[in-house]
Amino acid sequence: MDPSLTFASGPAAPETLDLARLQFALTAGGHFLFVALTLGLATLVACLQTRATLSGSVLHARMVRFWGQLYVINYAVGIVTGIVMEFQFGLSWSGLTHYAGDVFGASMALETVVAFFVESTFLGLWIFGWHRFNRWVHLALIWVVTLTAYASAYWILVANGFLNNPVGYRESGGRLVIGDAAAVFTNPSTLLAFGHIVAGALLTAGFFMAGVSAYHLFKRSPEWEFFGRSLRIGVFVSLPALFVAAAFGGVQFTVMQPMKEAVFSSKAAEVARLQADMVARFGPGDYVPSEAWTRGAGILMLLAFALMMYLCIAGFVLACFKRTVYRFRLWHLALMAAVPLPYVAVISGWVFREAGRQPWVVYGLLKTEDAVSSVSPGAMRTSLIVFTSLFALLAAVNVWLLVRHARVGPVDRGLGHDERAAERDPADSLAAASY
Amino acid sequence: MDTSTLETLAVGLLAFFAAGYFVLGGADIGTGMLAPYLGRGDGERRLVLTSFAPFFLGNEVWLVATAGLLIGCFPELEGELLSGQFAVVVPLLAGWVVRDAGLWLRGRAGGSWWRAGCDTAVVCGSWAVALAWGWLLAALFTGSADTTASGPVALLTALAVAALFAAHGLGFAAMRLTGDPYARARVLVGRGGRPWQSFALTGALMAALPLSAGVALPLTESAADGTTLAFLVPALLVVTPLLLAVQAWTWHTFRHRVTRPSYI
């Protein structure tokens, strides 16, 4: 690439680049752990609430509150980690916003205003307006939250899809500008990833719901009907979600960068040919992504997929019989142990996608090393330590709270608790201990 | 629309969302800063946090939208500003994360130690955010987007801005609370004054903060390409009234003073 096209404010220290990459990888990966469950669980909670609203069933209303509480805990931590992501492009990667911001920034802007703004406002209404609205209005609120969460995912993937497969742009004055907006928004790299991620999120939520329910059935909880139904929902959602995720994942291989594909398949001759090709096009340099990360992550993802496939197919059959749903304790243990599997798959999937396109941040147009902000290594190290320790703490607290609330089971407090009743309860005026 | 009209509209949208954040988000940050003063003891403090609980998520998204507008309509300035102000933005974000985590998770585990820990996170996070804003604004007022402010002027600006956040939060608390916390929140307005007057005054000052900072920034010079703006600006103009309507609905729904705790 013509050096004059790179960010003007001078090169950053190589150490800053490594630290900035590590920070982005850890925070984006950490953020996505929350996203995966949030996106899937929101959908399941919205469906449960639809069922509860249509039928007026008390059991389903309790299911909305229990799974909704776990969703809200996870969502809250997801939001606060997402805040950091929003600002990280400008903080650490100002070369990217300088060179590609006109294309890349547009979808970020739409994500914040059109999707996240609406999602947050409606989520507040859903949580705090539990007994204030007509039940149909309250149902509409969770659907708006869910659909705008999908819109959010789409806009973020427009940005990410552009980085992986830049289309619909033209160069003007050493910067990228939008040439064809429709091409940017219908980038195959975006649409396929969107289908893959939505299905992956439902898979994560399905495994989560099945695993938590299995714990209670294993413990022979008196809430057998509640958790029997929940377990079935989780298992019956997981199988189709797994196949949809696999289908979108498989098709993505056909539109992937050739170098990533060659490194993943360990085709040495192809790698050498592509490297020579890129040297001829872009000048001297190493254009081969790390094989350990690319191939390692790809294989780990496929292993997790294979394990989940056996579990899902077997589970689909077992969940058809009442006896096995309530009594097959070995299966309950397997379901509990399998809760982390979708997380392993989604994170290794992201590592495969992002490590495999290196050394490019915008594929074929801007190298990662030319995108990093000219910040001192010391400042970047401080920020890395601050954010990763905060994220690690939040992730730990999230797991602890999810386990705690999941183990207690459905109780009449927390999300959806009727505050008007609390006011009449004299015990409540003594202390806030009942919350 | 020609490019200069689009640029002006983009600046207008940025100013609107930034001012919205300072007025609305500033209120709950200010109340969070003063939570130990307003609420003595666990129950009262929970009531103080409940005064802004249904709003804080809807308030802070004004800043998220401001950042989105900045990266979408002024990408070059966004990169320059955030990387140039790295040392200020990192504590601002860290404070924000800590504060929100405290708010969201306060009621989710038992034990007075847990709630006290979350209250500390809310208070310290709120102070960190307010002081970081003051420090950031000290640089922006002088038009230097790419270098952080330092020296006594920066310190005084940071303290003054934080004091304004606190005063704004106090006015908000006086309009929302009841009982003893309400009596404490009236300290600024006195016995005869009306809380909304103080809130309107601090609100106007809060809105003036980002606007006067924006005047010194090279906004139109760093606006995105005409194609991007021609696409983004109309879309945002269409959506903004809807966002306002939903926000107004939230404020209307939870307009009554708080007398009992809620989800937080």
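## Ground rules

This is a predicted model: local features need pLDDT of at least 70, side-chain atom pairs count only at pLDDT 80 or more, and totals for chains, interfaces and linings use all residues. Residues are numbered from 1 along each chain as its sequence is written, while chains are lettered from A and ligands numbered from 1 in the order written.

## Overall build

Chain A has 17 helices and 4 strands. These are DSSP runs, numbered from the N terminus: helices are H or I with at least four residues, strands E with at least two.

The C-alpha trace of chain A spans about 75 × 45 × 40 Å along its principal axes. Of its 435 residues, 53% count as buried (20 or more other C-beta atoms within 10 Å of the residue's own, with C-beta atoms placed from the backbone).

## Helices H1 and H13

In chain A, helix H1 (residues 14–55) and helix H13 (residues 341–355) have axes that come within 10 Å and cross at roughly 135 degrees. Axes are lines fitted to C-alpha atoms over the stretch in contact, and angles run from 0 to 180 degrees between N-to-C directions.

Which residues of H1(A) make the contact? They are Gly29(A), Phe32(A), Leu33(A) and Ala36(A). H13(A) brings Pro342(A), Tyr343(A), Val346(A), Ile347(A) and Trp350(A). Residues are in contact if their C-beta atoms, placed from the backbone, lie within 7 Å.

Key
Two residues are in contact if their C-beta atoms, placed from the backbone, lie within 7 Å. A residue is buried if 20 or more other C-beta atoms lie within 10 Å of its own, exposed if 12 or fewer, and partly exposed in between; C-beta atoms are placed from the backbone.
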